[in-house]
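The sequence and the structure are shown first.

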Amino acid sequence: MAIERTISIVKPDAVGKNVIGKIYDRFESNGLKIVAAKMKHLTRDEAEGFYAIHKERPFFGELVEFMMSGPVMIQVLEGENAVAKNREIMGVTNPINADVGTIRKDFADSMSENAVHGSDSLENAQIEINYFFQPEEIFVRTRG
Ligand code: RTP
Ligand code: MG
């Protein structure tokens, strides 16, 4: 399996619940390494641009307002099969349907306010990494 990088965002609901550390633990416990991280309060332009792929969807306005409702933690995760592994750790979009032990099952309240974002393909991961990080903000983990 290839070493990949993916974007993870701890969304405003989960930051508000003070569970950033508990969510980071899920990544680290599952072999994913944090190689970049920043807290940001997204502007409307940033939130709309990030979710531009959904702009025709009925929930777009609500999604943008939610993503602007408080600061988020954005991280680059690195590891074997990182894109799929992160999605697995997150659980499916609607927490009601998410598997036991996933982030969304344990920390999300609804389909709209669902605790985390994760890139859905390697191609989108690269686009999303470039959206939020400069190359020098992503680190080589020299000690493991
Ligand atoms: P994400 O992009 O945030 O990782 O989530 P996802 O792939 O599991 O779901 P996606 O279909 O890409 O939807 C993006 C986000 O939009 C919100 N949403 N609300 N109210 C609704 O019907 C609805 N559907 C989607 C969620 O915050 C979802 O994560
Ligand atoms: Mg998505």
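Helices (H or I, at least four residues) and strands (E, at least two) are DSSP runs, numbered from the N terminus. By this definition, residues 3-140 are 40% helix and 20% strand, and the C-alpha atoms at the two ends of this stretch are 13 Å apart. An unreviewed UniProt entry annotates residues 3-140 as "domain: Nucleoside diphosphate kinase-like". UniProt positions follow the numbering used here, feature names are shortened, and annotations may be inferred rather than shown by experiment.

This is a predicted model, in which local features need pLDDT of at least 70 and side-chain atom pairs count only at pLDDT 80 or more, while totals for chains, interfaces and linings use all residues. Residues are numbered from 1 along each chain as its sequence is written, chains are lettered from A and ligands numbered from 1 in the order in which they are written, and side-chain values use heavy atoms, with hydrogens and water left out.

**Overall fold**

The protein chain contains seven helices and four strands, and from the N terminus on these follow the order β-α-α-β-α-α-β-α-α-β-α. The C-alpha trace spans about 45 × 35 × 25 Å along its principal axes. The radius of gyration (taken over C-alpha atoms) is compared with a globule rule of 2.2 Å times the number of residues to the power 0.38. For 144 residues, a compact globule would have a value near 15 Å, and the 14 Å of the protein chain agrees with this.

Contact means heavy atoms within 4.5 Å. Among contacts between residues at least 6 apart in sequence, 77% join residues at least 24 apart. A residue is called buried under 20% relative accessible area, exposed over 50%, and partly exposed in between (1.4 Å probe, protein chains only). Buried residues make up 46% of the 144 residues.

**Salt bridges**

A salt bridge is a side-chain nitrogen of Lys or Arg within 4 Å of a carboxyl oxygen of Asp or Glu. The whole structure holds six of them, including the following.

| Salt bridge | Closest N and O atoms |
|---|---|
| Arg 5 with Glu 78 | 2.9 Å |
| Lys 38 with Glu 137 | 3.2 Å |

Arg 5 forms its salt bridge with Glu 78. Because Arg 5 lies in strand β1 (residues 3-10) and Glu 78 in strand β3 (residues 72-80), the pair ties together parts that are 73 residues apart in sequence. Arg 5 is partly exposed at 31% relative accessibility, whereas Glu 78 is buried at 19%.

Lys 38 pairs with Glu 137 in a salt bridge. Lys 38 belongs to strand β2 (residues 33-40) and Glu 137 to the segment after α7 (122-132), so parts that are 99 residues apart in sequence are tied together. Glu 137 is partly exposed, at 29% relative accessible area.

**Helix α4**

Helix α4 (residues 60-67) has Phe 60, Leu 63, Val 64, Phe 66 and Met 67 as its buried residues. They lie on the same side of α4, because they cover an arc of only 160° around the axis; the arc is that of the directions from the helix axis to the C-beta atoms. An α-helix has 3.6 residues a turn, so residues three or four places apart point the same way. The buried residues of α4 pack against β1, α1 (12-16), α3 (44-50) and β3.

**Individual residues**

Which residue does UniProt list for "active site"? The unreviewed entry gives His 117, which is placed in strand β4 (residues 116-118). His 117 is buried, at 9% relative accessibility. Beyond its neighbours within four places in sequence, its contacts include Ile 7, Lys 11, Tyr 51, Arg 104 and Glu 128.

Asn 81, in the loop between β3 and α5, has a positive phi near 55° and is partly exposed at 30% relative accessibility. Ala 115, in the loop between α6 (103-107) and β4, has a positive phi of about 75° and is buried at 0%. Most residues other than glycine have a negative phi.
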